Amino acid sequence: MSWSLAADIGAGVCLVLGAFLAFAAGVGVLRFPDLLARMHAGTKPQVLGLILVLIGLSLRLRSGSAVWALVLVAAFQMLTAPVAAHMVGRAGYRMGNVRSDLLVVDELTTAQDEATSRAAGTAGGPGAVTRRPPEPDDGTPGAPRPVRPTDEPSDPTQT
(Lines give C-alpha, C1' and ligand atoms only; values in the text may rest on other atoms or scores of the structure.)
Protein backbone atom coordinates (compact mmCIF):
# COMPACT_ATOMS: atom_id res chain seq x y z
CA MET A 1 0.00 0.00 0.00
CA SER A 2 1.43 3.37 -0.98
CA TRP A 3 1.49 6.50 1.14
CA SER A 4 -0.94 8.22 -1.26
CA LEU A 5 -3.56 5.49 -0.90
CA ALA A 6 -3.19 5.41 2.91
CA ALA A 7 -3.55 9.21 3.09
CA ASP A 8 -6.65 9.10 0.89
CA ILE A 9 -8.24 6.43 3.08
CA GLY A 10 -7.38 8.38 6.23
CA ALA A 11 -8.77 11.55 4.65
CA GLY A 12 -12.03 9.78 3.79
CA VAL A 13 -12.41 8.39 7.30
CA CYS A 14 -11.73 11.79 8.88
CA LEU A 15 -14.16 13.54 6.53
CA VAL A 16 -16.96 11.05 7.21
CA LEU A 17 -16.41 11.13 10.99
CA GLY A 18 -16.27 14.93 10.97
CA ALA A 19 -19.48 15.14 8.96
CA PHE A 20 -21.17 12.71 11.36
CA LEU A 21 -20.12 14.77 14.39
CA ALA A 22 -21.36 17.98 12.75
CA PHE A 23 -24.67 16.26 12.02
CA ALA A 24 -24.88 14.98 15.61
CA ALA A 25 -24.24 18.52 16.87
CA GLY A 26 -27.10 19.84 14.75
CA VAL A 27 -29.47 17.15 15.97
CA GLY A 28 -28.43 17.85 19.57
CA VAL A 29 -29.12 21.56 19.19
CA LEU A 30 -32.62 20.75 17.95
CA ARG A 31 -33.45 17.98 20.42
CA PHE A 32 -31.90 18.88 23.79
CA PRO A 33 -34.25 20.45 26.35
CA ASP A 34 -32.41 23.51 27.67
CA LEU A 35 -29.85 26.15 26.82
CA LEU A 36 -26.83 24.58 28.49
CA ALA A 37 -27.35 21.17 26.90
CA ARG A 38 -27.86 22.79 23.50
CA MET A 39 -24.68 24.80 23.92
CA HIS A 40 -22.78 21.65 24.79
CA ALA A 41 -24.13 19.94 21.69
CA GLY A 42 -23.38 22.95 19.53
CA THR A 43 -19.77 23.45 20.60
CA LYS A 44 -18.01 20.24 21.61
CA PRO A 45 -18.92 17.83 18.78
CA GLN A 46 -19.00 20.68 16.26
CA VAL A 47 -15.42 21.70 17.04
CA LEU A 48 -14.19 18.11 17.00
CA GLY A 49 -16.07 17.50 13.75
CA LEU A 50 -14.51 20.58 12.18
CA ILE A 51 -11.03 19.50 13.28
CA LEU A 52 -11.58 16.04 11.78
CA VAL A 53 -12.74 17.62 8.51
CA LEU A 54 -9.67 19.86 8.50
CA ILE A 55 -7.39 16.88 9.12
CA GLY A 56 -9.10 15.05 6.28
CA LEU A 57 -8.62 18.05 4.01
CA SER A 58 -4.97 18.37 4.92
CA LEU A 59 -4.41 14.66 4.21
CA ARG A 60 -6.15 15.03 0.87
CA LEU A 61 -4.59 18.34 -0.26
CA ARG A 62 -1.01 17.62 0.85
CA SER A 63 0.08 21.20 0.25
CA GLY A 64 2.17 23.05 2.82
CA SER A 65 0.39 26.39 2.47
CA ALA A 66 -3.06 24.77 2.58
CA VAL A 67 -2.15 22.75 5.67
CA TRP A 68 -0.94 25.86 7.50
CA ALA A 69 -4.16 27.70 6.60
CA LEU A 70 -6.18 24.76 7.93
CA VAL A 71 -4.11 24.74 11.14
CA LEU A 72 -4.93 28.43 11.60
CA VAL A 73 -8.63 27.74 11.07
CA ALA A 74 -8.52 24.98 13.69
CA ALA A 75 -6.59 27.17 16.15
CA PHE A 76 -9.01 30.09 15.81
CA GLN A 77 -11.99 27.77 16.17
CA MET A 78 -10.55 26.23 19.33
CA LEU A 79 -9.86 29.69 20.75
CA THR A 80 -13.20 31.30 19.93
CA ALA A 81 -15.76 28.51 20.42
CA PRO A 82 -15.28 28.13 24.22
CA VAL A 83 -15.35 31.90 24.75
CA ALA A 84 -18.51 32.31 22.68
CA ALA A 85 -20.21 29.40 24.45
CA HIS A 86 -19.26 30.85 27.83
CA MET A 87 -20.72 34.23 26.94
CA VAL A 88 -23.94 32.73 25.56
CA GLY A 89 -24.33 30.52 28.63
CA ARG A 90 -23.73 33.38 31.03
CA ALA A 91 -26.16 35.66 29.21
CA GLY A 92 -28.77 32.90 29.09
CA TYR A 93 -28.31 32.24 32.80
CA ARG A 94 -28.77 35.89 33.66
CA MET A 95 -31.89 36.07 31.48
CA GLY A 96 -33.39 33.08 33.30
CA ASN A 97 -33.29 30.67 30.33
CA VAL A 98 -31.52 27.89 32.25
CA ARG A 99 -33.53 25.15 33.90
CA SER A 100 -32.34 25.10 37.49
CA ASP A 101 -33.85 21.66 38.10
CA LEU A 102 -31.27 20.18 35.69
CA LEU A 103 -28.25 21.82 37.35
CA VAL A 104 -26.16 19.62 39.62
CA VAL A 105 -24.10 22.48 41.08
CA ASP A 106 -25.10 26.13 40.80
CA GLU A 107 -22.17 28.30 41.86
CA LEU A 108 -23.16 31.30 39.77
CA THR A 109 -26.27 32.15 41.81
CA THR A 110 -24.32 32.31 45.07
CA ALA A 111 -21.56 34.35 43.41
CA GLN A 112 -24.13 36.78 42.01
CA ASP A 113 -25.88 37.07 45.38
CA GLU A 114 -22.57 37.78 47.14
CA ALA A 115 -21.59 40.39 44.56
CA THR A 116 -25.00 42.04 44.77
CA SER A 117 -24.91 42.17 48.56
CA ARG A 118 -21.36 43.59 48.49
CA ALA A 119 -22.47 46.23 46.00
CA ALA A 120 -25.46 47.09 48.18
CA GLY A 121 -23.27 47.55 51.23
CA THR A 122 -24.26 44.74 53.56
CA ALA A 123 -25.61 41.26 53.11
CA GLY A 124 -29.37 41.28 53.54
CA GLY A 125 -29.49 45.05 53.92
CA PRO A 126 -32.23 47.26 52.51
CA GLY A 127 -30.53 47.52 49.12
CA ALA A 128 -29.81 43.80 48.74
CA VAL A 129 -31.46 42.08 45.82
CA THR A 130 -32.05 38.36 45.95
CA ARG A 131 -32.05 36.59 42.61
CA ARG A 132 -34.80 34.08 42.12
CA PRO A 133 -33.83 30.85 40.38
CA PRO A 134 -35.46 30.45 36.98
CA GLU A 135 -38.64 28.45 36.86
CA PRO A 136 -38.44 25.23 34.84
CA ASP A 137 -40.29 25.16 31.56
CA ASP A 138 -41.81 22.16 29.89
CA GLY A 139 -38.77 21.73 27.61
CA THR A 140 -40.68 22.35 24.40
CA PRO A 141 -38.67 24.50 21.97
CA GLY A 142 -40.43 27.80 21.40
CA ALA A 143 -42.71 27.37 24.42
CA PRO A 144 -43.55 30.66 26.13
CA ARG A 145 -41.60 31.19 29.31
CA PRO A 146 -43.40 32.32 32.46
CA VAL A 147 -43.12 36.01 33.21
CA ARG A 148 -41.69 36.61 36.66
CA PRO A 149 -41.92 39.86 38.60
CA THR A 150 -38.58 41.52 39.21
CA ASP A 151 -37.11 42.22 42.60
CA GLU A 152 -36.51 45.86 41.75
CA PRO A 153 -39.19 48.51 41.26
CA SER A 154 -39.97 49.28 37.63
CA ASP A 155 -40.07 53.03 38.24
CA PRO A 156 -36.53 54.35 38.86
CA THR A 157 -37.88 57.31 40.88
CA GLN A 158 -39.57 54.93 43.30
CA THR A 159 -37.43 54.01 46.33
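The buried residues of α1 pack against α2, where buried means under 20% relative accessible area, exposed over 50% and partly exposed in between (1.4 Å probe, protein chains only), and where contact means heavy atoms within 4.5 Å. This is a predicted model, in which local features need pLDDT of at least 70 and side-chain atom pairs count only at pLDDT 80 or more, while totals for chains, interfaces and linings use all residues. Residues are numbered from 1 along each chain as its sequence is written, and side-chain values use heavy atoms, with hydrogens and water left out.

**Overall make-up**
- The protein chain has four helices and zero strands, these elements being DSSP runs numbered from the N terminus (helices H or I, at least four residues; strands E, at least two).
- Of its 159 residues, 23% count as buried, and residues 24 or more positions apart account for 59% of the contacts with a separation of 6 or more.

**Helix α1**
- Helix α1 (residues 3-31) has 29 residues and reaches 42 Å from its first C-alpha to its last, close to the 42 Å expected at 1.5 Å a residue, the expected span being 1.5 Å times one less than the number of residues.
- Its buried residues are Ala7, Ala11, Cys14, Gly18, Leu21, Ala25 and Gly28.

- Ala66, Leu70, Ala74, Ala81, Ala85, Gly89, Gly92 and Tyr93 are the buried residues of α3, and their cover includes α2 (35-61) and α4.
- In the loop between α2 and α3 lies Arg62, which has a positive phi of about 55° although it is not a glycine, and which is partly exposed at a relative accessible area of 37%.
- After α3 comes Gly96, whose phi is also positive, near 85°.

**The second largest pocket**
- The second largest pocket has a volume of about 200 Å³; a pocket is an open set of points on a 1 Å grid over the protein atoms alone, where a 1.4 Å probe fits, with protein on both sides within 12 Å along at least five of seven lines, and lining residues have an atom within 4 Å of a point.
- Its lining consists of Leu36, His86, Gly89, Arg90, Tyr93, Val98, Leu103, Val105, Asp106, Glu107 and Leu108, with α3 (64-95) and α4 (107-120) as the elements that give two or more residues.
- Four residues, the largest share of this lining, come from α3.

Notes
Grid points are joined across faces, edges and corners, and a volume is the space filled by probe spheres set on the points.
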